[in-house]
Each structure stands twice: as structure tokens, then as C-alpha cells.
Amino acid sequence: AENTVEVKKSEIKTSVSPSGVRSSDLKIGGGERVQPGYLVAADIVAVVVEVNSETGAVERESEESVLVDTRKQGGRQLVFSFGNKPQGPITRGLLESVGEMRQGGRRVVVVPPAMAFGADGAALAGNVTVPPNATVQYDIELARVSVPPS
């Protein structure tokens with residue numbers, strides 16, 4: 001955590017992967033790098049967004065567009081095993097981006113429908129429904145990255 005570096009607002013850069021996942025680091029983690037099979041505990045806010053095709057600007061559809069917000073759930077972080085099949089609010093696009101992060105890092109990830117929940121959408125815990133062909137924006141901060149107990 002001591003090597004974690006905040007990114008100045010003027011220096012935030014957005015990278016786009018070949019699959020169309022857009023990532024912007026807000027904080028560069030200084031801890032353990034995420035590895036397949038590692039346990040990850042993260043604060044996640046996931047919302048359905050619209051992306052303006054002309055400007056690329058991201059806009060939240062509405063307050064009902066929040067899929068998960070661990071920061072509002074009394075600090076209860078989402079824990080998952082990295083590299084396994086996507087489950088719940090975790091998508092292939094988010095896993096692709098998280099694979100480049102270290103503990104302590106925070107980034108905003110915009111996942112296109114094909115790398116999110118696809119043409120069918122999804123039903124998540126708590127009666128949360130992801131509409132078909134939804135673009136999902138994640139604000140994810142990796143609180144802990146660790147080798148799973150054997």
C-alpha cells in the first residue's frame with residue numbers, strides 16, 4: 001500500500017483493449033499483482049451507462065441503473081477468485097482489466113455489452129436486472145489481493 005500512487009486528474013489516461021474494454025487508472029496500486037487463482041477483495045460500484053457514439057462520453061442512465069455498490073453496503077467488499085468463470089456482477093471485461101492491476105489500485109472500467117452481460121442481460125442477486133445489450137461501468141478498488149489458503 002505504501003507504493004500506491006494517486007493519479008492526478010489531469011494525468012488520467014484511458015486505454016482501450018482489443019475487446020473494447022476501456023480502463024482509466026485513478027490510483028496505481030503498489031501491492032501484490034493479481035494472479036489467476038488469487039483471492040481478490042474489492043470495493044465495486046457497477047452501473048449501466050450509455051456511451052455517446054460521437055464523443056465517447058459516458059453517462060449514467062438513471063439512479064435505478066446501479067447494479068452493485070459495495071461502498072453503500074456498510075463496507076462489505078466483494079470477494080472473488082480471479083481467473084475463474086465470471087459470476088454475479090463480475091464480467092469477462094472486468095476480469096480482463098483487473099488482471100493488469102495491483103493491490104491498492106483503483107480504476108474506472110467501461111465494459112461493452114459483448115464483454116459484459118451480452119444480448120440476454122442478466123438477473124443478479126437482490127432482484128437486480130441487467131438489461132440486454134447493456135454497457136456497464138465499474139469503479140473498482142482492490143483492497144486485498146492474496147494467495148488462496150491451501
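The protein chain has 1 helix and 11 strands, where helices (H or I, at least four residues) and strands (E, at least two) are DSSP runs numbered from the N terminus. Starting at the N terminus, the order is β-β-β-β-β-β-β-α-β-β-β-β. With a radius of gyration of 15 Å, close to the 15 Å that the globule rule gives for 150 residues, the chain is as compact as a globular protein of that length. That radius is taken over C-alpha atoms, and the rule is 2.2 Å times the number of residues to the power 0.38.

A quick word on what you're looking at: this is a predicted model, in which local features need pLDDT of at least 70 and side-chain atom pairs count only at pLDDT 80 or more, while totals for chains, interfaces and linings use all residues. Residues are numbered from 1 along each chain as its sequence is written, and side-chain values use heavy atoms, with hydrogens and water left out.

Now for the inside. Of the 150 residues, 40% count as buried (under 20% relative accessible area; exposed is over 50% and partly exposed in between, with a 1.4 Å probe and protein chains only).

In soluble globular proteins, nonpolar side chains tend to be buried together. Here, the largest nonpolar core holds 31 residues, and Ile 44, Leu 67, Tyr 138, Ile 140 and Leu 142 touch the most other members. Such a core is a set of buried Ala, Val, Leu, Ile, Met, Phe, Trp, Tyr and Cys residues joined through side-chain atoms within 4.5 Å. Elements supplying at least two residues each include β4 (39-51), α1 (92-98) and β11 (135-146). Take Tyr 138: leaving aside residues up to four places away in sequence, its contacts include Ile 44, Pro 89, Leu 94, Val 109 and Phe 117.

Ser 65 sits in the loop between β5 (58-60) and β6, yet it counts as buried because its relative accessibility is 5%. Not counting residues up to four places away in sequence, Ser 65 touches Ala 46, Val 47, Val 48 and Arg 60.

Asn 127, in the loop between β9 (122-124) and β10, is exposed, with a relative accessible area of 78%. Most residues other than glycine have a negative phi. Asn 127, however, has a positive phi near 60°. Asn 133, in the loop between β10 and β11, also has a positive phi, near 55°.

Definitions and conventions
Contact = heavy atoms within 4.5 Å.
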